[in-house]
Amino acid sequence: MNDTTPSKGDLRRQQIMTILKQQGRITIGEIIEHFQCSEATARRDLDLLEKKGEVVRTIGGALFEGLTAVRETSFAEKKQQLWLEKEAIARRAAGLIEEGDSVCLTGGTTTFLIARELKQRQGITVVTNAVNIAMELADSEGLQVVVVGGVMRSKSFELSGPLAEKTIEHLNIEKLFLGVDGVSADKGITTFSELEAQTARLLISRTQHTIAVFDHTKVGKASLFSIAPLADVNVCVTDARLEPDMEKVLEQHGITTMYANA
């Protein structure tokens, strides 16, 4: 017997990848119809392909990873990138938070570092949909931590989906600190996950001030899914001076730009 013979599941996933390369995307329904399999099997196949980095999962299916300009990296990978710069951004952003504030931190390395900046503070309510941020703040007696429920994405530790949205609809947040994967003049603020983009849009609708935090490598780039146009952002906090054209666009939208080392 040849141990290298592909299993039925391997063959099915190879065929799914062939379809994805041909048409760029596939839905759960198409997989069920084409392969006569269950919904659970279709979702499991796409989850396995996502873990291999070959596809980008969407709410109802998947996109071919080769279509994306930049590949999503995990939280662990991001921790190795520009950590000192992100710490400086986090300190600057944390300076916008005052005692008595209700703030929200979405998932991301920079927002995680904002959480660290808040650990010794008092009288602040922190809402988060990121499991790792909630755990980081778990022993902070001066803070009230509210965790938004939902389904966790392993790359970002963010909770999203219908359960998260149901909770967010009842929140009133003063300051939202939003981690993003791309910031551009024409595409606005973007991310790699459709679910996270949807959750972020709802958070923006429930907050008074939206503060986007990002390092210079995100500027001028657009990830797969749009969160919101730049007009929905009040403040940008970054580490390096933006190009004059980008600064001008932000000024036109009335957005305050803050630099970490200014």
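These legends accompany close-up views of a predicted model.

View 1. Seven strands form an open sheet in the order 6-5-4-9-12-14-15, and their pairing is parallel. Strand 6 (143-147) and strand 15 (256-259) are the edge strands, each of which pairs on one side only. On average, and with direction ignored, neighbouring strands of this sheet are turned by 20 degrees against each other. Within the sheet, five bridges link strand 5 (residues 124-128) with strand 6 in the parallel sense, and Val127 is found opposite Val146 of strand 6. Helix 6 (residues 109-118) packs on this sheet, where it touches strand 4 (102-105), strand 5, strand 6, strand 9 (173-179) and strand 12 (207-213). The direction of helix 6 makes about 130 degrees with that of strand 9.

View 2. Three strands with antiparallel pairing make up an open sheet in the order 1-3-2. Strand 1 (25-27) and strand 2 stand at the edges with a single partner strand each, so one side of each has no neighbour in the sheet. Here the neighbouring strands are turned by 20 degrees against each other on average, direction ignored. Strand 2 and strand 3 (residues 61-64) run antiparallel and are joined by four bridges, with Thr58 having Gly61 of strand 3 as its bridge partner. Helix 1 packs on the sheet and touches strand 1, strand 2 and strand 3, its direction making about 125 degrees with that of strand 1. Helix 3 also lies across strand 1, strand 2 and strand 3, and runs at about 135 degrees to strand 2.

**View 3. The contact of helix 1 with helix 3.** Helix 1 (residues 8-23) packs against helix 3 at an angle of about 75 degrees, and the two axes are 10 Å apart. Because angles of 65 to 115 degrees count as roughly perpendicular, helix 1 and helix 3 are described as roughly perpendicular to each other. Helix 1 contributes Arg12, Arg13, Ile16 and Met17 to the contact, while helix 3 contributes Thr41, Asp45, Leu46, Leu48 and Leu49. Sorted by kind, the residues of this contact comprise five nonpolar, one polar and three charged.

**View 4. The largest pocket.** The largest pocket has a volume of about 560 Å³, and 21 residues line it. Asp47, Glu50, Arg57, Arg153 and Leu195 are the lining residues that lie nearest its centre. At least two residues of the lining come from each of helix 3 (39-51), strand 2 (55-58), strand 7 (151-152), helix 8 (162-168) and helix 9 (194-205). Helix 3 supplies the largest share, which amounts to four residues. Six residues of the lining are nonpolar, six are polar and nine are charged.

**View 5. Strand 11 and its antiparallel partners.** Strand 10 (residues 182-184) and strand 11 (residues 188-191) run antiparallel and are joined by three bridges, and a hairpin of three residues connects strand 10 to strand 11. In this pair, Gly182 is placed opposite Thr190 of strand 11. Strand 11 also pairs with strand 13 (residues 225-228) in the antiparallel sense, again over three bridges, and there Ile189 stands opposite Ala228 of strand 13.

Notes
Residues are numbered from 1 along each chain as its sequence is written. This is a predicted model: local features need pLDDT of at least 70, side-chain atom pairs count only at pLDDT 80 or more; totals for chains, interfaces and linings use all residues. Side-chain values use heavy atoms; hydrogens and water are left out. Two strands pair if DSSP finds at least two bridges between them. Axes are lines fitted to C-alpha atoms, for helices over the stretch in contact, and angles run from 0 to 180 degrees between N-to-C directions. Contact means heavy atoms within 4.5 Å. On a 1 Å grid over the protein atoms alone, a cavity is a set of points where a 1.4 Å probe fits but cannot get out, and a pocket is an open set with protein on both sides within 12 Å along at least five of seven lines; lining residues have an atom within 4 Å of a point. Grid points are joined across faces, edges and corners, and a volume is the space filled by probe spheres set on the points. Ala, Val, Leu, Ile, Met, Phe, Trp, Tyr, Cys and Pro count as nonpolar, Asp, Glu, Lys and Arg as charged, and the others, Gly among them, as polar. Angles under 35 degrees count as roughly parallel, over 145 as roughly antiparallel, 65 to 115 as roughly perpendicular and the rest as oblique.
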